[in-house]
Every structure is written in C-alpha cells, then in structure tokens.
Amino acid sequence: MQFTSEQRLDDGVLERSFTLDGIPGILWTPESASASAPVPLILLGHPTLGLRRMYPRLADRARHSAADGFATAAVELPGCGDRPRLPEHDRARADMRRALQAGEPVTDEIIDAVVLPLVDQAVPELRAAMDAILALPEVTGPVGYSGGVISIGVRLAAVDPRIEAAALFAGSFIPRTTYDEARRLTIPLHVLLQWDDEGNDRQAALDLFDAFGSKEKSLHANMGGHTGVPAHAGAAAAHFFTRHLK
C-alpha cells in the first residue's frame, strides 16, 4: 500500500488516499487512532459510480463512523473511476438497460453477466486491502462491511472470517449464486430495503433476506425509491456497528 496524499479534516479525521497494486482507495481514521489505541475497521461499499463521484457521501459516512471510533476505507470497484473499463461487463450492462427500457424481464443470465464479474474481481481486491490496512498499527479488527453492491458484501462475508458484522443495502440485482452464499452467513446482519425502489425486485430482496443463515438479522424497510434513504437509516446502521464491532 502506498499513500499518495493526506489531509486532516476539520473534525480531526485523517483522510489518506492510497493505491494498492494500482487500485485507488481512501482510508479515514479518527483523531484518536494510534498504535497504543487502534480502532476497528469498516469497509464502505458503494455503487459503480466511481470514488470521485461518490466521495461526498463516502466522506460523510466516514466522518460519522470516526465519531463512533471506527476507521473506514473505500476501494475503487473494477471498471469504475479511472480504472480500465471491462468491455464484457459494459456489454452486459447495456443488455440490462435495453431490457429495462423495453419493459422486458431482466433474466437471470443478464443479472449473472452484470454482477458476477464485478463480485469475482472486487472481493479479492477488498481482501488485499484489508490485509494492508490491518497491518497499520492504528487499525485493528474486528472488521465490518457497510452498504454497496449487496452481492459483493455477501461474498466477502462468506469467504473472509475477519468480517464480523455487515450492514447491507438491498438495492441491486441479485445473482442466483448469491442466495447460496447467503445461506452460509452466520454473522449479525442489518439489511436496509427501500420499499419502492423502482429499479430492483423487492421480492428478490425479501427472498435473499430469508436465505441468510444468520440467527441475528434485521430488515429495515423504508418507503421511497432507491435514492430516498431517510437520515435515520444511517443512525440505525451506526448503532448496529457500535454494538457488534466493539
């Protein structure tokens, strides 16, 4: 991991941009973090819009998490931001857009083609980022995962025991294999669902929640579309991590 820039935000949070094997990311640590008082880590998931476009929301989430005593990190997703495009993934996304615009069903094959290549590449990259960040003296486990593409969060929690709690956003299309991976999860889960999300299948999200093998799982459903997440939803997720990562 190579840090490329750093700044101290006005609330004392240290924000450091980094690259890891050419992949950009951002790490935020609270002012209190030190080698003698390391803090737990939350990985911030995000949609495929790129870190630059998502920065205001990510920084806001990071600052709230720092106030609760957590370090946070976000890593650029494959094919996003300044990373090289993934031609097959772009073609699959175009197929999905055509189906949605024509009012046609989005088939399992299209969903798999859009989501699974992203999951297959992003999860090992997130695990490598965890390796590097947890080697820093001021950051320690346990680790949580928050938001982002739900299939990435499910896969990461299924394959990496360092993830001890996850707050997932049920706002993306779900491949068939994700249901199988969900059954393997045993960690505490907090799932947010926008009830009127116009671009996603509500029943698929409910079926995924039923599939989770965790004994402790909660579903928080709110009225409104994909971008209408209420402010209190963030407070509920923060309380969830405070209970399970400290």
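How do the residues of the lining of the second largest cavity divide into nonpolar, polar and charged? In this predicted model, that lining comprises three nonpolar, two polar and three charged residues. The residues concerned are Ala170, Leu193, Gln194, Asp197, Asn200, Asp201, Arg202 and Ala205. At least two of the lining residues are supplied by β8 (189-194), and at least two by α6 (202-211). The volume of the second largest cavity is about 40 Å³.

The structure contains two cavities of 30 Å³ or more. For the largest cavity, a volume of about 100 Å³ was computed. Its lining is made up of 14 residues, and those nearest the centre of the largest cavity are Leu44, His46, Val75, Leu77 and Leu126. Nine residues of this lining are nonpolar, three are polar and two are charged. Among the contributing elements, β4 (39-45) and α3 (108-134) each provide at least two residues of the lining.

His46, one of the residues nearest the centre of the largest cavity, is also touched by Val149. Val149 is located in the loop between β6 (139-147) and α4 (150-159). With residues up to four places away in sequence not counted, the contacts of Val149 are His46, Leu118 and Ser172. Val149 has a relative accessible area of 10% and is therefore buried, the cut-off being under 20%. A separation of 8.7 Å was computed between the C-alpha atoms of Val149 and Val119, which are 30 residues apart along the chain.

Notes
Residues numbered from 1 in each chain as written. Predicted model: local features only at pLDDT ≥ 70, side-chain atom pairs only at ≥ 80, totals over all residues. Heavy atoms only, no water. 1 Å grid on protein atoms, 1.4 Å probe; cavity = no way out; pocket = protein on both sides within 12 Å on 5 of 7 lines; lining within 4 Å. Points joined across faces, edges and corners; volume = space filled by probe spheres on them. Helix = DSSP H or I, 4+ residues; strand = E, 2+ residues; numbered from the N terminus. Nonpolar A, V, L, I, M, F, W, Y, C, P; charged D, E, K, R; others polar. Buried < 20%, exposed > 50% of the residue type's maximum accessible area, 1.4 Å probe, protein only. Contact = heavy atoms within 4.5 Å.
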